[in-house]
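Morning, everyone. I will go through one structure today, and I will define the terms as they come up.

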Amino acid sequence: MLFHRQVMINRRQFLGAAAAASTASLLAQQNYEWGGPVLDIHLHMRPDGESNFAHITGSGVTRAVLLTRVADLGRAKDLAAKYPGRFVWFASADVSKPETAAQLTQAVKDGALAFGEIKNQVQCDGPEMKRMYALAADLNVPIQIHFGDVPQASGNAVFNGGFKRFDAMLKAYPKTKFIAHADTFWANVSADYAYDTAYPSGPIKPGGLSDKWLSDYPNLWADMSANSCNNALNRDPDFMAGFLARHQDKLMFGCDCPCSDGKGGGVTNPNPRLHGKCIARQTLAAAQKLSKPEVFRRIRWENGTKLLGLSNQA
Ligand SMILES: [Zn+2]
Ligand SMILES: [Zn+2]
């Protein structure tokens, strides 16, 4: 028995050493443009997965979460297998369909690390989403939500509407790990958001709901992807430096970038802030500029790897 146990321990030590060796080889491949490893928690699975790989290599991202519809999960897994250590995935489906709960449960059993991105034309406190919050808690995976109360040209609808009432969900589902994303969340960093545009400008008024809820609810995290967060970072950098410091354990970098190469290729966004630019690069640069190195390290890597149960090693 004792001998057997010793063998087991040695085997475990051996496996640990093997994992460390593969980590070292991955480390050697990265030149760490951003001062250390980067986890992108918001990269949509593209029709051509090679474009996902081009995006992470071009933008200096170590590992990315592929946001994947259930029908495409096989492709996400294949891509993750082809590039070891570079990809993990979340799963999404239409929450208004009855089969979605079973599909997402199976997706988690097959390796999806969270539900996301969940973006449907429902209310954030409606029956469809309540069912998802309960299921995510049961499966012990986070749920990443697109909040869009104000329709925008690119997606002319309301998604997970009723953000003002979302705190009731944070209270009612304390075991659910919520990852908030998109326009309405980032616009509500300011207390004076008037719900008149998806991307408000000008100085931020302290006391916004998003800021307050990140402080008040331990089950709320924020996804810094897309024009929405980039807009917040740029409209009032002084305020946002404080925001990043205040919520340094809750914020996770993501890109939601459509560019082809991680360098802005093919981006036709008319906004000069983003035209011809990679959102990943723009938001990483802004967050780096506005935060101390240890805060930026948490934002670009540690908070996400911790929440998703990934190794903290690159
Ligand atoms: Zn979104
Ligand atoms: Zn990009």
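Start with His-55, which is buried because its relative accessibility is 0%. Buried means under 20% relative accessible area, exposed means over 50%, and partly exposed is in between, with a 1.4 Å probe and protein chains only.

Before I go on, some housekeeping. This is a predicted model, in which local features need pLDDT of at least 70 and side-chain atom pairs count only at pLDDT 80 or more, while totals for chains, interfaces and linings use all residues. Residues are numbered from 1 along each chain as its sequence is written, chains are lettered from A and ligands numbered from 1 in the order in which they are written, and side-chain values use heavy atoms, with hydrogens and water left out.

Back to His-55. What does the zinc ion (ligand 2) have as protein donors? They are His-55 through NE2, and Cys-257, Cys-259 and Cys-278 through SG, at 2.1 to 2.3 Å from the ion. A donor is an N, O or S atom within 2.8 Å of the metal (3.2 Å for Na, K and Ca); water is not among the atoms, so sites may look incomplete.

The arrangement around ligand 2 is tetrahedral, because its four donor atoms subtend angles of 103 to 115°. For four donors, that label requires all angles to lie between 85 and 135 degrees; square planar for four and octahedral for six require opposite donors over 155 degrees apart and all others between 65 and 115, and anything else is irregular.

Along the chain, the donors of ligand 2 have the spacing H-x201-C-x1-C-x18-C. His-55 sits in helix H2 (residues 49-59) and Cys-259 in the loop between strand S8 (251-252) and helix H11 (279-290), so this pair links parts of the chain 204 residues apart. Helices (H or I, at least four residues) and strands (E, at least two) are DSSP runs, numbered from the N terminus. Cys-259 is also buried, at 0% relative accessibility.

Next is the other zinc ion, ligand 1. Glu-117 (OE), His-146 (ND1) and His-181 (NE2) coordinate the ion at 1.8 to 2.2 Å. Glu-117 is buried at 8% relative accessible area, and His-146 is buried at 7%.

Now charges. Side chains of opposite charge can pair when their charged atoms come close. A salt bridge here is a side-chain nitrogen of Lys or Arg within 4 Å of a carboxyl oxygen of Asp or Glu. The count is eight salt bridges. One of them joins Asp-125 and Arg-165, at 2.6 Å from N to O. Arg-165 is partly exposed, at 39%.

Another joins Asp-216 and Lys-212 at 2.8 Å. These two are four residues apart in helix H8 (residues 209-216), so about one helical turn separates them. Asp-216 is partly exposed at 40%, as is Lys-212 at 43%.

Last, helix H3 (residues 73-82). Its residues Leu-73, Ala-76, Leu-79 and Ala-80 are buried.
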